[in-house]
Amino acid sequence: MSTPLLEVRNLSKTFKAFRAVDGMELSVEAGTIHSVIGPNGAGKSTLFKLITGVHVPTSGEILLGGQAIGGEHPHQIARKGLVQVFQLTSIFTRLSVFDSVMVAAMATRRRSLDLSGRFRKALAGEVELLLEDVGISHLAKRISGELSHGDQRALELAMALATKPRVLLLDEPTAGMSPAETSTIAALIVSSVRSRDITVVLSEHDMDVIFEISDRVTVMHQGRVIAEGTPQEVRTIPEVMAVYLGDQVSGVVSVGYGPLPRRRESGPRTPLPDSSKHREKGQS
Ligand SMILES: Nc1ncnc2c1ncn2[C@@H]1O[C@H](COP(=O)(O)OP(=O)(O)OP(=O)(O)O)[C@@H](O)[C@H]1O
Ligand SMILES: [Mg+2]
């Protein structure tokens, strides 16, 4: 197998005496959608913050294309092409949809932010294409902060794509979304990354999304990996079932590890999807 594009080796992060990430291992192949799942508090967001440089690792290594990036500043890491989909900040919510994506496109090219000049003209076609790709070109002139929740998430994806990332990290991209918005954003993630040769690291509680779009799944629990494999493999591993079901299997005690993963359907919460249903269309 080729060198992984992104690699995490024996990575730990301690907050005071608490090890939020504890000897984490992750190996992400280029061009894949690699999901990191786990119950609330497993350490997924902390792992992402370590990868993007928001947190400095207590110990361990993070490698992008074989080069160590652990402990570098977020802007240095972003410049190397490792980008987390950002939440719309108050600055962007006051800009138009078009200008928000334009600013993201300009920022990554290290040019001054000139929203009226020649550089803007040169990038306009690219911005229009991005808005089209994420399905919000009809909203280009609207103020970003006034969009629906789902449209804002699509805008955030367009802004991240505008920076031309090599690796895109998405931490719960469907949180707070309606079932329809969830399906749309999942489809968008797949189509926009596949057409751009981007590698995705995704954390998500919606198991339907995970099992539909992931090439590989790493299961985290208490800061470390408890299972890894294809979606089909992972759902049958007893330790994974234990963590999500509140069972005791293979010595994994799983009392009080937060709610089961959310499924798109309303109604009773269901644990890992039945493998017989996997990838069947029309299940959502
Ligand atoms: N800055 C911090 N200071 C202290 N503890 C923290 C900090 N950030 C995270 N933690 C703790 O680390 C653990 C892991 O948190 P993290 O947010 O990474 O979990 P998660 O897997 O993303 O959970 P969720 O599924 O709820 O988003 C939690 O117990 C959390 O309280
Ligand atoms: Mg989290």
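Which residues does Glu172 touch, not counting residues up to four places away in sequence? The first legend gives the answer.

**Figure 1. Glu172 touches Ser203, Glu204 and His205, leaving aside residues up to four places away in sequence.** Touching, or contact, requires the C-beta atoms of two residues, placed from the backbone, to lie within 7 Å. This is a predicted model, in which local features need pLDDT of at least 70 and side-chain atom pairs count only at pLDDT 80 or more, while totals for chains, interfaces and linings use all residues. Residues are numbered from 1 along each chain as its sequence is written, and chains are lettered from A and ligands numbered from 1 in the order in which they are written. Glu172 belongs to the loop between β7 (167–171) and α7 (179–194); helices (H or I, at least four residues) and strands (E, at least two) are DSSP runs numbered from the N terminus. A separation of 7.3 Å is found between the C-alpha atoms of Glu172 and Leu202, which are 30 residues apart along the chain. Although Glu172 is not a glycine, its phi is positive, at about 55 degrees. Glu172 counts as partly exposed because 16 other C-beta atoms lie within 10 Å; a residue is buried with 20 or more other C-beta atoms within 10 Å of its own, exposed with 12 or fewer, and partly exposed in between, the C-beta atoms being placed from the backbone.

**Figure 2. The shell around ligand 1 draws on β2 (18–28) and α1 (44–51), each supplying at least two residues.** The surrounding residues are Phe15, Phe18, Ala20, Gly38, Asn40, Gly41, Ala42, Gly43, Lys44, Ser45 and Thr46; a residue belongs here if its C-beta atom, placed from the backbone, lies within 6 Å of the ligand. The largest share, 3 residues, comes from α1. By class, the shell around ligand 1 divides into 4 nonpolar, 6 polar and 1 charged. In this scheme Ala, Val, Leu, Ile, Met, Phe, Trp, Tyr, Cys and Pro are nonpolar, Asp, Glu, Lys and Arg are charged, and the others, Gly among them, are polar.

**Figure 3. An open sheet of 4 strands runs in the order β2-β1-β4-β5, with antiparallel pairing.** Two strands pair if DSSP finds at least two bridges between them. The edges of this sheet are β2 and β5 (67–68), each pairing on one side only. Helix α1 packs on the sheet and touches β1, β2 and β4, its direction making about 65 degrees with that of β2; axes are lines fitted to C-alpha atoms, for helices over the stretch in contact, and angles run from 0 to 180 degrees between N-to-C directions. β1 and β2 are joined by 8 bridges in the antiparallel sense, with Leu11 opposite Met24 in β2. These two strands form a hairpin with 2 residues between them, and Lys16 in the turn has a positive phi of about 55 degrees. The antiparallel pairing of β1 with β4 extends over 5 bridges, and Ser12 has Ser59 in β4 as its bridge partner. β4 (residues 59–64) pairs with β5 over 2 bridges, also antiparallel, and Leu64 is the bridge partner of Gln67 in β5.

**Figure 4. Asn10, in strand β1, has a positive phi of about 45 degrees although it is not a glycine.** Asn10 is partly exposed because 13 other C-beta atoms lie within 10 Å.

**Figure 5. Helix α1 is mostly covered, with 6 of its 8 residues buried.** The buried residues are Lys44, Thr46, Leu47, Phe48, Leu50 and Ile51. After α1 comes Gly53, whose phi is positive, near 90 degrees.

Figure 6. The values are pLDDT, the predictor's confidence in each residue, from 0 to 100. Over residues 247–284 the pLDDT is below 50, yet this stretch has 67 contacts in the model beyond near neighbours in sequence. The protein has a mean pLDDT of 84, and 83% of its residues reach 70 or more. For context, the secondary structure comprises 10 helices and 12 strands, and 40% of the 284 residues count as buried. Among contacts between residues at least 6 apart in sequence, 64% join residues at least 24 apart.
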